[in-house]
Amino acid sequence: MSERLAVLDLGSNAVRMILARVTPGVEFRVLRQERVQTRLAGNRRGLLPLAAVEQTLKAVRNFLAVVRTGSVPRVLAVATAAVRDAPNADRLLRALRREAGVEVRVLSGAEEARLGAAAVLWRLPVVRGAIVDLGGGSLQVTRVQGGRIARVASVPLGAVRTTLRFLRHDPPHAREIQALRRETRDRLLGVLPAAEAGDSLIGLGGSVRALGRIFLRSNDRAGTSRGGLRLRRDDVTAMRAQLEPLSVRQRRRVRGLKAERADVILAGAIVIEESMTLGGYEVLTVCAQGVRHGLLIQETFKGASWA
């Protein structure tokens, strides 16, 4: 028997909300989805900013007010790196419980990686390789062997977090960019598996999708789906080189780039470029799914062998 399920993904950069109809063991169908940028990771000290907490609470309340008309859906809410690492996380969690009636499960880095990887393996035929999920607060790395999750890790290399920590000037200085490159290599050494013949590298997360949009627009393929898009390392390097000398204001005019991501896209591009270089991956395949889809898959196909 099917049920209506509301999935709330409280990410470090944005809250993503899906209403779906789930038929256990058979399928799920997305009925409605929304995204609201909140920047829960937007504080250099790792605290949840008050404005971001209020925006998240408002977004969740508004979404639930709409989807709770008629039959009330079951609500499944999770939070990722920004909430996981914040000393004042209870400010948000208590408010959601009190004002929206929502209990939030704070995912560990490993759980976040597994959910993102489950979404990839559900969508793409990956037999062996690596999955990198670049969010606002962290980067999840998953090793895939035999079409199944073999190993997962999470490192603090999210696009919002690294922008705040390293790229202090606008445009950033060369020494800031080099510091971010060193940090990325140091964090991924021993975490990101080296590419072997036939290995795939799959990328998901807002920065990866943004690079896909820039690539498509710059090649006059605006109507092409980003899902399954293959970006060569040279393509990523070219986009990073295009973005690097620009101010945030100038980046807002880059074709295909959403204005709200202009301040963090350079850090995201650097982390992806360094990941491909360090691991020896020549091609990155873009996946449009994410943690929220992993949750839907988990709820629909409980005990799936690849997850």
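Residues are numbered from 1 along each chain as its sequence is written, and side-chain values use heavy atoms, with hydrogens and water left out. In this predicted model, local features need pLDDT of at least 70 and side-chain atom pairs count only at pLDDT 80 or more, while totals for chains, interfaces and linings use all residues.

Helices and strands are DSSP runs numbered from the N terminus (helices H or I, at least four residues; strands E, at least two). Two strands are taken to pair if DSSP finds at least two bridges between them. An open sheet of five strands has the order β3-β2-β1-β4-β5, with mixed pairing. Its edge strands are β3 (27–37) and β5 (104–106), each of which pairs on one side only. From one strand to the next, the twist averages 20°. Angles run from 0 to 180 degrees between N-to-C directions, and axes are lines fitted to C-alpha atoms, for helices over the stretch in contact.

Within this sheet, strand β1 (residues 3–10) and β2 pair in the antiparallel sense over eight bridges. Ala6 of β1 has Leu19 in β2 as its bridge partner. Helix α1 packs on the sheet and touches β1, β2, β3 and β4 (74–79), and its direction makes about 25° with that of β2. Contact here means heavy atoms within 4.5 Å.

Ala6 counts as buried, because its relative accessibility is 0%. The term buried applies under 20% relative accessible area, exposed over 50%, and partly exposed in between (1.4 Å probe, protein chains only). Not counting residues up to four places away in sequence, Ala6 touches Ile18, Leu19, Phe63, Leu64, Pro73, Arg74, Val75 and Leu76. The C-alpha atoms of Ala6 and Leu76 are separated by 6.1 Å, with the two residues 70 apart along the chain.

Thr23 is placed in strand β2 (residues 14–23). At 23% relative accessibility, Thr23 counts as partly exposed. Leaving aside neighbours within four places in sequence, Thr23 is in contact with Ser2 and Thr300. Thr23 and Arg98 are 75 residues apart in sequence and 30 Å apart in space, C-alpha to C-alpha.

Two packed helices are described by the angle between their axes and the distance between the axes. Helix α1 (residues 50–67) and helix α3 (residues 89–100) pack at an angle of about 30°, with their axes 10 Å apart. The crossing of α1 past α3 is right-handed, that is, the near helix is turned clockwise from the far one by less than a right angle. Residues of α1 in this contact include Leu50, Val53, Leu57 and Arg61, and those of α3 include Arg91, Leu92, Ala95 and Glu99. By class, the contact has nine nonpolar, one polar and three charged residues. Ala, Val, Leu, Ile, Met, Phe, Trp, Tyr, Cys and Pro count as nonpolar, Asp, Glu, Lys and Arg as charged, and the others, Gly among them, as polar.

Another open sheet has six strands in the order β8-β7-β6-β9-β11-β10, with mixed pairing. Strands β8 (148–155) and β10 (230–232) stand at the edges, each with a single partner strand, so one side of each is left without a neighbour in the sheet. Neighbouring strands of this sheet are turned by 25° against each other on average, direction ignored. Strand β6 (residues 129–134) and strand β9 (residues 200–204) pair in the parallel sense over five bridges, and Gly129 stands opposite Ser200 in β9.
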